[in-house]
Amino acid sequence: MADNGKQHAPHRGDMTGAKALWATLANHGISTVFGYPGGAIMPVYDALTFYPEVRHVLTRHEQGAAHAAEGWAKATGEIGVCMATSGPGATNLVTGLADAMLDSVPLLAITGNVASHLMGTDAFQEADITGITLPITKHNYVVRDVEELPRIVAEAIRIARSGRPGPVLVDIPKDIQLAAFHGEIPSPHARPEAPAPSAESIERALDLLRAARKPVIMAGGGSLDASAEITALARAWDIPVITTLMGLGAFPSSDPLWLGMPGMHGSVAANRAISEADVLLGIGLRFDDRVTGRVNGFAPNAAIIHVELDAAEIGKIIRTHVPVRGDARQAALLLAEGAQPTPRPEWTAQIQEWKGRTVTPETYGAGYAVKAVVDRLRPDDILSSDVGQHQMLAAQLARFEKPRRWINSGGLGTMGFGLPAAIGAGMAEPGVRSVVIAGDGGFQMTAQELATLKMYDVRNVKICIINNSFLGMVRQWQELFHEKRYSEVWLGDSNPDFIKLADAYDVPGYRATTAEELPAAIDAWLSDPRSALLEVVVPHEHGVFPMVPAGAALYEMIETEPVKSPDLSAQMQDAAEEASEA
């Protein structure tokens, strides 16, 4: 890696807004920033040379910087930081900010802007980035006074990390970056204490749990940092636990009480338990549509207890019988203290019958390949995914014993998320293997971040591409709900040679095309001392099941894949040949 030319920290008399920015970040323990320079943020990048304690990671696209910062934050629970210039640089962060907002990721985005006197004049590379991002950030700022810059940055970090986390954007005009700064660099804010649940709400929740005959706990992404307490709570009451897509790892998968993931591609046990439960204790989740299915068919027999920090989420989607506003950790502790476990032999037997309906992929295809990969994960390994069939398969088949080992784009469903997020997570924890499972479609959206692996000699990122030559999830819906009219989903005649692409970035590549080739290819891929890419070429037509069709209730799920349609390769190849002849 080339020398960054870092200088010694400036004297107080030489302090500018740009240098005050880096001093504030360093003072708040920010060790890594992902970004991409440009004209309107050039003074900040010049000042970076004076702050060797902050590592800047040059991604190959601003969206990659945002997702890498998300990966860092999701793996560590600490704030991720990304940076871009004005105009197109700032707007390229928008997808990452929206992703972080929906998944409650603590993120600080710093953008440069044109000089203050040019703002609003349609100057070169000007965009109203605070106006654009107002709906997709927790808060945002335009810095108008250089003396306010460090205070604003410190406040932005506090807001991003406190309460329900989220992204905060700070936009800094170029003249503010260049202006002389004479103030003090603020110390970090103490993280505010989360509100404790009220005694009344806890007692009402306990009353419901004591009377329950078919209780179930559902833990979401807001429960990750309360994993130990929720585990103790479930065991104290002997209540089965469901973990949402965002909550995977909040409860150990090896525990007999774990039922899997709920929702559109949830497990039979999870969805049936929700549909039959008489009390549902939801902790740190927002009951989004992919979890609930048809709302009036969700948990139709259950009294709902909702433990949630964000008051706006309580009762927003699902009618809540007992709202418990407060910190998940504190709520779980209080509910465990009042535990009165009751034998429920019929409910336990029914749960076991549902769990027995789990189907293991036995035919070579996407599910078979994903299982072969995730079965090789170690407990500390981080598993990231892109978005699509492979994401749902990974969520169904991977087993997590602790939180923050599963990283994916849940709320926004952002294709292209996987690779940069895995890089960010891998750089946050260099001693841990960071594995990403991607599809051939999503991988190509941010494939240029292979250059980031090369530039920084990142050695712990393992990339697996499940190549079915389709936009697989869209194809599945077109097969099931659009009479097999496969519109704009075939990639097979234009996909690159992924091994050659990896080689171009000096990333070693491995390939498997059959079940027989797969074990040796995985061995070589995982044992390579460098970051490496594995392409698994699989049949085109396999789907992801169980599946709850859009608009259906969870109890109306399709448990197993319908009879296979004819192999699509010949159909799509014929169509491609007809098009070329025409």
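Me: Which residue stands opposite Val436 in strand 15?
Reply: Ser384 does. Strands here are DSSP runs of E with at least two residues, helices are runs of H or I with at least four, and both are numbered from the N terminus. The model is predicted: local features need pLDDT of at least 70, side-chain atom pairs count only at pLDDT 80 or more, and totals for chains, interfaces and linings use all residues. Residues are numbered from 1 along each chain as its sequence is written, and side-chain values use heavy atoms, with hydrogens and water left out.

Me: How many bridges link strand 13 and strand 15?
Reply: Four, in the parallel sense, between strand 13 (residues 382–385) and strand 15. Two strands pair if DSSP finds at least two bridges between them. Ile382 has Ser434 of strand 15 as its bridge partner.

Me: And which sheet are they in? What's the strand order?
Reply: An open sheet of six strands, in the order 14-13-15-16-18-17, with parallel pairing. Strand 14 (406–407) and strand 17 (509–512) are the edges, and each pairs on one side only.

Me: What pairs with strand 16?
Reply: Strand 15 (residues 434–439) pairs with strand 16 over six parallel bridges. Strand 18 (residues 532–537) also runs parallel to strand 16, joined by six bridges. Ile437 sits opposite Cys464 of strand 16, and Gly439 has Ile466 as its bridge partner. Ile463 faces Leu533 in strand 18.

Me: Is strand 16 buried or exposed?
Reply: Seven of its seven residues (461–467) are buried, so strand 16 is largely enclosed by the rest of the structure. Buried means under 20% relative accessible area, exposed means over 50%, and partly exposed is in between, with a 1.4 Å probe and protein chains only. Val461, Ile463, Ile465 and Asn467 point one way, while Lys462, Cys464 and Ile466 point the other.

Me: Why is strand 15 called largely enclosed?
Reply: Because six of the six residues of strand 15 are buried. Ser434, Val436 and Ala438 lie on one side, with Val435, Ile437 and Gly439 on the other.

Me: Which helix lies across these strands?
Reply: Helix 17 (residues 418–428) lies across strands 13, 14, 15 and 16, at about 175° to strand 15. Axes are lines fitted to C-alpha atoms, for helices over the stretch in contact, and angles run from 0 to 180 degrees between N-to-C directions. Contact means heavy atoms within 4.5 Å.

Me: New topic. How much space is in the second largest pocket?
Reply: About 810 Å³. A pocket is an open set of points on a 1 Å grid over the protein atoms alone, where a 1.4 Å probe fits, with protein on both sides within 12 Å along at least five of seven lines. Points join across faces, edges and corners, and the volume is the space filled by probe spheres set on them.

Me: What lines that pocket?
Reply: It has 35 lining residues, and the closest to its centre are Val359, Thr360, Pro361, Gln396 and Phe545. Lining residues have an atom within 4 Å of a point. Helix 16 gives the largest share, four residues.

Me: Which residue of helix 10 comes up in the buried list?
Reply: Several do, including Ser227, Glu229 and Trp237. Their cover includes helix 9 (199–211) and helix 13 (328–337).
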